[in-house]
Amino acid sequence: MAAPKRVDYDRIEAGWRAGLLSPHQLAAQYTEETGEKVSHAAIIKHFKKQGIARDLSQKIMDRANAMVTEAMVTGKVTAKPTKPDREILEVGSMTVANVQLAHRKDISRSRAIVNGLLDELQEMVGSDNVTLLQELGFLLRSEDVRLCNGCLDSSQPLAGAV
């Protein structure tokens, strides 16, 4: 009895990873191309054992949809995108990173300005009126209209202090 022929799983792998054909279709295609029979169960078992996922189908569908959209707009489909995805990702990520760094710099600068203004305000008001300012802040944050009307009464001693 002859030894069983080894299945060339490298030949099947691209179809497996693409995820467009079912394991049954992959088996039928392999058998048709090579004349050697392979079962869908053997294909599934092999690639699961190897840890090779069928993870490219969504990327393929996204790219196909993009090509269809481009064809409807420009009237033609090209085999290669005008810019590689890697380049687009790099440019996009650099832009986002630069914006985030600028925001952080602005926030740091703003905090320094606010802290300086608070120090200046504290010097102007003095430690005598700190409790009056705290009470005024409490009244201003209150949602009760009667307490807010009391704000005017609380601010009278501050007007004389400044």
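At what angle do helix α2 and helix α3 pack? They pack at about 110°.

## The model and its overall layout

This is a predicted model, where local features need pLDDT of at least 70, side-chain atom pairs count only at pLDDT 80 or more, and totals for chains, interfaces and linings use all residues. Residues are numbered from 1 along each chain as its sequence is written, and side-chain values use heavy atoms, with hydrogens and water left out.

The protein chain has seven helices and zero strands. Helices (H or I, at least four residues) and strands (E, at least two) are DSSP runs, numbered from the N terminus. Read from that end, the elements run α-α-α-α-α-α-α.

Buried residues account for 13% of the 162 residues in the protein chain. Buried means under 20% relative accessible area, exposed means over 50%, and partly exposed lies in between (1.4 Å probe, protein chains only). Contact means heavy atoms within 4.5 Å. Take the contacts in the protein chain between residues at least 6 apart in sequence: 50% of them join residues at least 24 apart.

## Helix α2 against helix α3

Helix α2 spans residues 23-34, and helix α3 spans residues 40-50. Their axes lie 8 Å apart, at the angle of about 110°. That makes α2 roughly perpendicular to α3. Axes are lines fitted to C-alpha atoms, for helices over the stretch in contact, and angles run from 0 to 180 degrees between N-to-C directions. Angles under 35 degrees count as roughly parallel, over 145 as roughly antiparallel, 65 to 115 as roughly perpendicular and the rest as oblique.

From α2, Pro23, His24, Leu26 and Ala27 meet His40, Ile43 and Ile44 of α3. This contact of α2 with α3 holds five nonpolar, two polar and no charged residues. Ala, Val, Leu, Ile, Met, Phe, Trp, Tyr, Cys and Pro count as nonpolar; Asp, Glu, Lys and Arg count as charged; the others, Gly among them, count as polar.

## Helix α1 against helix α3

The axes of α1 and α3 come within 11 Å and cross at roughly 85°. α1 is therefore roughly perpendicular to α3.

Tyr9, Ile12, Glu13 and Trp16 in α1 meet Ala42, Ile43, Ile44, His46 and Phe47 in α3. By class, the contact of α1 with α3 has seven nonpolar residues, one polar and one charged.

## The nonpolar core

Which residues make up the largest nonpolar core? They are Tyr9, Ile12, Trp16, Leu26, Ala27, Tyr30, Val38, Ile43 and Phe47, nine in all. Helices α1, α2 and α3 are the elements that give two or more residues to this core. A nonpolar core is a set of buried Ala, Val, Leu, Ile, Met, Phe, Trp, Tyr and Cys residues joined through side-chain atoms within 4.5 Å.

Leaving out residues up to four places away in sequence, Ile12 touches Val7, Leu26, Tyr30, Ile43 and Phe47. On the same terms, Ala27 touches Val38, Ser39, His40 and Ile43. Ala27 lies in helix α2 and is buried, with a relative accessible area of 6%. Ala27 and Ser39 are twelve residues apart in sequence and 5.8 Å apart in space, C-alpha to C-alpha.

## The salt bridge

A search of the whole structure finds one salt bridge. The term means a side-chain nitrogen of Lys or Arg within 4 Å of a carboxyl oxygen of Asp or Glu. Here Glu33 pairs with Arg11, and the closest N and O atoms are 3.4 Å apart. Glu33 lies in helix α2 and Arg11 in helix α1 (residues 9-18), so the pair ties together parts that are 22 residues apart in sequence.

Glu33 is partly exposed, at 45% relative accessibility. Arg11 is partly exposed, with a relative accessible area of 45%.
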